[in-house]
Amino acid sequence: MQQEASSNGIAVVSVAGTLDASTVGSFRQAVAETISSEDLVIDLSRLVFIDSSGLGALVGVIRRVRESGGQAAVACSSPVVTRVLCSAGLDRIVTVSESLDEATAALASAGG
């Protein structure tokens with residue numbers, strides 16, 4: 001997991017490899033260190049596998065961001081991972097974009 005600050009007060013957490021039962025703890029920790037009242041982009045562009053615990057962690061993080069007054073978006077360029085996210089309905093609760101730039105722009109245009 002990697003955290004970085006972006007322009008316009010939008011924080012970015014990048015996830016590479018897998019997001020599953022063995023890695024959700026470090027994902028939640030990375031996000032906890034990032035969340036304030038900022039908007040958040042979760043960059044899954046280098047993710048190769050996600051399971052149900054990873055999906056649950058994503059939904060939980062999105063909820064926490066919204067509860068703290070921010071907005072969230074997901075960037076994912078992997079067709080396989082994007083298909084899993086959409087099959088789980090994640091695209092109905094948060095913007096899922098193909099690139100980090102698109103996800104950041106979506107948050108910026110939404111007033112975040």
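Which residue has a side-chain polar atom 3.2 Å from the backbone nitrogen of Val81? It's Ser78, and we'll come back to that serine once the overall layout is in place. Keep in mind that this is a predicted model.

## The overall layout

The protein has four helices and five strands. Going along the sequence, they come in the order β-β-α-β-α-β-α-β-α. The radius of gyration is 12 Å, close to the 13 Å that the globule rule gives for 112 residues, so the protein is as compact as a globular protein of that length. If you want a box, the C-alpha atoms fill one of roughly 30 × 25 × 20 Å along the principal axes.

As for what's tucked away, 42% of the 112 residues count as buried. Take the contacts with a separation of 6 or more, and 72% of them come from residues 24 or more positions apart.

In soluble globular proteins, nonpolar side chains tend to be buried together. Here the largest nonpolar core holds 26 residues, and the ones touching the most other members are Phe27, Ile42, Leu44, Leu58 and Leu85. Two or more residues come from each of S2 (10–19), H1 (24–34), S3 (39–50), H2 (52–67), S4 and H3. Helix H2 gives the most, with six residues.

## Strand S2 and its partner

Strand S2 is largely enclosed by the rest of the structure, because seven of its ten residues are buried. It pairs with S3 in the parallel sense, over nine bridges. To find your way along that pairing, look for Ser14, which stands opposite Asp43 in S3.

## Helix H2

Helix H2 runs for 16 residues and reaches 22 Å from its first C-alpha to its last, close to the 22 Å expected at 1.5 Å a residue. Its buried residues are Gly54, Leu55, Ala57, Leu58, Gly60, Val61, Ile62 and Val65. Among the elements covering them are S2, H1, S3, S4 and H3.

Just past the end of H2, check the backbone at Gly69: this residue takes a positive phi of about 95°.

Is Cys76 buried or exposed? With a relative accessible area of 2%, Cys76 is buried. Ser78 comes in at 16% relative accessibility, and since the cut-off for buried is under 20%, Ser78 counts as buried as well.

Which residues does Cys76 touch, leaving aside its neighbours within four places in sequence? The list is Leu44, Ser45, Val81, Thr82, Leu85, Ser97 and Glu98. Two of those names have already come up, as Leu44 and Leu85 are among the residues touching the most other members of the largest core. Glu98 deserves a look as well: Cys76 and Glu98 are 22 residues apart along the chain, yet their C-alpha atoms are separated by 5.0 Å.

Definitions and conventions
Residues numbered from 1 in each chain as written. Predicted model: local features only at pLDDT ≥ 70, side-chain atom pairs only at ≥ 80, totals over all residues. Heavy atoms only, no water. Buried < 20%, exposed > 50% of the residue type's maximum accessible area, 1.4 Å probe, protein only. Contact = heavy atoms within 4.5 Å. Core = buried A, V, L, I, M, F, W, Y, C linked by side-chain atoms within 4.5 Å. Polar contact = N/O pair within 3.5 Å; in protein donor to acceptor, adjacent residues only side chain to side chain. Pairing = 2+ DSSP bridges. Expected span 1.5 Å × (residues − 1). Rg over C-alpha atoms; globule rule 2.2 N^0.38 Å.
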